[in-house]
Structure formats: C-alpha cells, structure tokens
Amino acid sequence: MRDTPYRQLKFKDYTIEGFSRAACQTFWRLPEFHLGFDLGAMPWDFMGTPFWFISHTHLDHLAFLPNYVARRRMMKMTPPTIFLPQKFVPAVEKLLGVWAKLDNGSFPCELVGLEGGEEVELSREVVVQAHPVQHRIPALGYVVFHRRKKLKPEFLPLSGDEIRNLKESGVKIDYEIRVPKVAYLGDSNVHGLDANEIFYKAETLIMEMTFAEEEHTSDKIERKGHIHLNDIVRRKDKFENELIILSHFTFRSTFSTIQECVQKKLPDMLGGRIKLWG
C-alpha cells in the first residue's frame with residue numbers, strides 16, 4: 001500500500017504521477033524529467049525527485065514543503081531545488097526558518113524565484129518555461145520542453161572532420177528543436193489558459209477543472225481563479241493536445257457526478273483525449 005495514494009499514467013515516453021483535489025492536496029511528478037509540480041503532499045517514493053516547480057503558495061499546493069526538505073536531509077540526500085513565483089520567496093524563506101526553530105534542525109534547499117517568461121535549463125535536453133496565469137494570488141503555470149540539436153541542412157553533406165573544424169572555428173552548425181511535452185496550468189481561471197497558447201499545443205496538458213455542475217456556474221468561480229466545465233466546452237476546438245488531464249475537482253461534487261457532467265457535455269471526451277483524474 002502506498003503511504004500517500006496517487007494515480008499513474010504512462011504516456012508516450014514519460015510517466016505522469018500524482019493527485020489533485022481542491023482545498024485538499026495537489027502534487028504531480030514526471031519521473032523521466034526528474035521534476036514535479038506542487039507539494040501539497042509527498043509520497044515517500046517521490047523523495048528522489050530533486051526539482052519542484054510550485055504554481056502558487058496556497059496550502060493545498062505547498063504544505064508538504066518542510067516535510068519534503070527535512071526528509072531529504074534525514075536521508076543524507078542533496079538539497080532539492082524549489083522553483084516558485086518570485087514574490088513569495090521571502091515568505092517561504094521565513095516559513096522554513098520558523099520550522100528550523102520548531103524542529104531544532106536545518107531545512108537545506110535552494111529557493112529560486114521565477115517570473116513569467118523565464119526559463120530553467122534542467123539538463124541539455126530539458127527546459128522548463130514559466131507562464132503567468134490568473135488565480136486569487138500570483139501564480140505560474142509551467143511547460144516542460146524536450147530540446148535537441150539538429151545539423152543545419154547545408155552541412156549535411158560534409159564529413160565529420162569538416163563539421164568538427166567548422167564548429168571549432170566558431171561557425172554555428174546546428175539549430176534547436178523544442179517539443180512542448182507537458183504543460184501544467186496549476187490553479188487558474190480560463191483567462192490564464194487563453195493567455196498562454198502553448199498550453200493548448202503541448203502533448204499533454206494537466207489542468208484544473210474545479211467545477212462541473214451547472215449550479216456552480218457563476219462569476220465567483222472566475223474571480224476566485226478557477227475553471228468550470230463550461231469554459232472547456234466553449235473552447236473544445238482549441239485543444240490540440242494529445243492528452244488532457246482534468247483534475248482539482250471541488251469536494252462539493254462527487255467524482256461520479258463530475259463524470260456524468262463531462263460525459264453529457266463532451267460525450268466523445270474530445271476524441272478520447274480527456275482523462276478525469278479522480
């Protein structure tokens with residue numbers, strides 16, 4: 001039995017793991033990319049993941065940060081790197097300082113503040129880009145790109161030695177290809193989704209759909225920074241993603257009710273691309 005239950009899905013050449021329920025806990029991991037999103041909880045077998053991208057600082061997305069950092073210290077693992085909206089870095093530093101006093105121990109980690117549009121190079125192949133979204137407090141969504149270099153067509157006929165000589169002389173012999181593999185919206189209203197077209201184009205989109213029932217439709221949902229099923233229905237032709245994971249459902253609705261609402265309005269589940277993460 002897992003200490004903290006979560007779902008797992010293999011898709012193409014990567015795995016998506018995690019769980020999200022509004023006001024409860026949100027955490028996701030992409031093990032092949034060595035990164036995760038949000039720390040509302042932390043299964044023990046996620047401890048080896050060294051990079052975490054925090055969408056915003058509400059408790060259901062951040063509450064497990066001190067525990068995660070302390071566990072890695074206890075296990076003599078290298079301190080993790082936590083990326084989060086720049087505005088909240090000082091407050092999170094204070095939070096960890098308070099826990100250090102309460103715990104009588106250290107909480108070693110690197111906190112890196114990000115603004116929308118900034119990029120993080122995790123490796124030669126993996127780049128993560130931050131995008132501003134619209135929630136009740138400042139928040140970021142993230143896109144994970146796989147990148148690779150390709151030789152420019154004009155150099156293809158050349159021998160290996162000729163290519164090496166050109167490279168050593170300073171000639172740029174290649175160009176970069178980026179594939180948006182996974183987009184993570186975090187908590188946002190639909191305007192945060194619309195403002196970042198790349199979310200509609202990534203192979204996989206992990207997004208919130210907090211509300212689905214008609215009785216929940218109101219301007220309040222938008223003001224609080226959340227998405228309703230109707231927002232998705234109105235934009236169904238915009239989604240180019242191969243996989244769309246809907247999550248972060250309100251406790252005001254049962255999972256079976258959410259399923260019924262989605263199947264009624266999107267009976268083909270956008271060609272089978274929608275997965276309800278309950």
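User: Taking contact to mean heavy atoms within 4.5 Å, what does Glu203 touch, leaving aside its neighbours within four places in sequence?
Analyst: This is a predicted model. In it, with those neighbours set aside, Glu203 is in contact with Phe11, Lys12, Tyr14, Val179, Pro180, Lys181, Asn241, Glu242 and Leu243.

User: And where does Glu203 lie?
Analyst: Glu203 is in the loop between helix 6 (198–201) and strand 12 (204–208).

User: Is Glu203 buried or exposed?
Analyst: Buried: its relative accessibility is 10%, and the cut-off for buried is under 20%.

User: OK, switching to helix 9. Which residues are buried there?
Analyst: Ile258, Cys261 and Val262, in a helix that runs over residues 255–265. They sit on the same side of helix 9, because they cover an arc of only 95° around the axis.

User: What do those buried residues pack against?
Analyst: Helix 8 (229–234), helix 10 (269–272) and strand 14 (274–276).

User: What's on the face turned away from the buried side?
Analyst: That face of helix 9 carries Glu260 and Lys264, which are exposed.

User: Last one: which residues touch the most other members of the largest nonpolar core?
Analyst: Leu193, Phe199, Met207, Met209, Phe239 and Leu246, out of 32 residues in that core. Beyond its neighbours within four places in sequence, Leu246 has contacts that include Met207, Met209, Ile232 and Trp277.

Conventions
Residues are numbered from 1 along each chain as its sequence is written. This is a predicted model: local features need pLDDT of at least 70, side-chain atom pairs count only at pLDDT 80 or more; totals for chains, interfaces and linings use all residues. Side-chain values use heavy atoms; hydrogens and water are left out. Buried means under 20% relative accessible area, exposed over 50%, partly exposed in between (1.4 Å probe, protein chains only). Helices (H or I, at least four residues) and strands (E, at least two) are DSSP runs, numbered from the N terminus. The arc is that of the directions from the helix axis to the C-beta atoms. Contact means heavy atoms within 4.5 Å. A nonpolar core is a set of buried Ala, Val, Leu, Ile, Met, Phe, Trp, Tyr and Cys residues joined through side-chain atoms within 4.5 Å.
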